[in-house]
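Here's a quick briefing to read alongside the coordinates.

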Amino acid sequence: QKEVEQDPGPLSVPEGAIVSLNCTYSNSAFQYFMWYRQYSRKGPELLMYTYSSGNKEDGRFTAQVDKSSKYISLFIRDSQPSDSATYLCAIKSTGTASKLTFGTGTRLQVTL
Amino acid sequence: NAGVMQNPRHLVRRRGQEARLRCSPMKGHSHVYWYRQLPEEGLKFMVYLQKENIIDESGMPKERFSAEFPKEGPSILRIQQVVRGDSAAYFCASSPPAREDTQYFGPGTRLTVL
């Protein structure tokens with residue numbers, strides 16, 4: 001079993017739709033949660049990070065963490081064609097380990 | 001404030017040659033991380049360095065791969081005697097001290113081994 005599972009998609013939605021992207025993880029030591037956006041042939045761009053259960057909002061993006069279920073989500077409201085990219089969840093454990101463990105990414109396509 | 005810089009952006013090597021990938025962290029960042037992304041796979045951690053120190057190299061292959069972050073100059077990821085399986089995108093990230101949860105990535109170096 002992978003430490004972080006993420007549906008690879010592709011996910012295709014019309015412009016203006018609400019998008020839900022999800023990851024599950026297996027290790028309860030994971031305590032820090034990040035979402036990155038990666039455009040084709042570019043580096044990942046940090047979108048949001050959180051370390052507590054609940055919701056965190058930033059503009060059209062909301063990150064949600066449920067530690068009891070080991071489930072994290074990213075919601076995108078009013079999706080735009082410019083949101084078309086691969087979205088990667090990344091998780092870090094507590095303690096001295098500094099590496100991020102990534103999901104494989106979900107490819108999102110927002111159509112006109 | 002310039003972001004993380006990596007060069008070259010594209011590198012072509014023949015089997016058996018050496019590849020050197022360079023990374024300059026963001027200003028004020030003293031922690032550097034290297035990740036590898038294979039086609040259709042997620043990013044995999046390779047190594048974490050601070051100035052003149054390797055902190056965690058648990059993701060580095062035992063042979064042919066090495067990394068350094070000297071007191072002056074960029075971090076270097078070196079791959080000796082490259083093989084076709086080394087073809088991938090290599091990303092460098094940096095973070096400020098004590099903020100390993102906020103890693104900012106560079107544009108990557110795409111290595112192709114012929």
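A quick word on burial first: buried means under 20% relative accessible area, exposed means over 50%, and partly exposed is anything in between (1.4 Å probe, protein chains only). Keep in mind that this is a predicted model, where local features need pLDDT of at least 70, side-chain atom pairs count only at pLDDT 80 or more, and totals for chains, interfaces and linings use all residues. On bookkeeping, residues are numbered from 1 along each chain as its sequence is written, chains are lettered from A and ligands numbered from 1 in the order in which they are written, and side-chain values use heavy atoms, with hydrogens and water left out.

**The A/B interface**

- On contacts (heavy atoms within 4.5 Å), 18 residues of chain A meet 20 residues of chain B.
- The two chains bury about 1,600 Å² between them, and 58% of that sits on carbon and sulfur atoms. Buried area here is the accessible area (1.4 Å probe) that two parts lose on being put together, summed over both.
- On the chain A side, A:Arg41, A:Ser98 and A:Phe102 lose the most area to chain B, and together they make up 28% of what that side buries.
- Strands S4 (30-38), S5 (45-50) and S9 (85-93) of chain A each supply at least two residues of the side that touches chain B, and S4(A) gives the most, with four residues. Strands (E, at least two residues) and helices (H or I, at least four) are DSSP runs, numbered from the N terminus.
- By class, that side of chain A has nine nonpolar, five polar and four charged residues. In this scheme Ala, Val, Leu, Ile, Met, Phe, Trp, Tyr, Cys and Pro count as nonpolar, Asp, Glu, Lys and Arg as charged, and the others, Gly among them, as polar.

**Nonpolar cores**

- A nonpolar core is a set of buried Ala, Val, Leu, Ile, Met, Phe, Trp, Tyr and Cys residues joined through side-chain atoms within 4.5 Å.
- The largest one has 24 residues, of which A:Trp35, A:Ile72, A:Leu74 and A:Tyr87 touch the most other members.
- Strands that each supply at least two residues of this core include S3 (19-25), S7 (61-66), S8 (71-76) and S11 (106-111) of chain A.
- A second, separate core of 23 residues includes B:Ala19, B:Leu21, B:Ile79 and B:Ala88.

**Salt bridges**

- Over all chains, a search of the whole structure turns up six salt bridges.
- A:Glu57 and A:Arg77 pair up at 3.5 Å, N to O. They are 20 residues apart, with A:Glu57 in strand S6 (residues 54-58) and A:Arg77 in the loop between S8 and S9 of chain A. A:Glu57 is exposed at 59% relative accessibility, while A:Arg77 is partly exposed at 29%.
- B:Glu18 bridges to B:Arg20, with the closest N and O atoms 3.1 Å apart. Both partners are partly exposed, B:Glu18 at 33% and B:Arg20 at 40%.
- B:Arg78 also bridges to B:Glu18 (3.9 Å, N to O), linking strand S8 (residues 75-79) of chain B to the loop between strands S2 (10-13) and S3 (19-24), 60 residues apart.
- Is B:Arg78 buried or exposed? Its relative accessibility is 17%, so B:Arg78 counts as buried.
- Shared partners join B:Glu18, B:Arg20 and B:Arg78 into one network.

**Individual residues**

- A:Thr101 sits in strand S10 (residues 101-102) of chain A and is buried at 14%. Leaving aside neighbours within four places in sequence, its contacts include A:Glu3, A:Phe30 and A:Cys89.
- A:Ser93, in strand S9 of chain A, is buried with a relative accessible area of 14%.
- B:Pro97 is in the loop between strands S9 (88-95) and S10 (104-105) of chain B, partly exposed at 47%. Its C-alpha is 6.6 Å from that of B:His29, 68 residues apart along the chain.

Terms used
A salt bridge is a side-chain nitrogen of Lys or Arg within 4 Å of a carboxyl oxygen of Asp or Glu.
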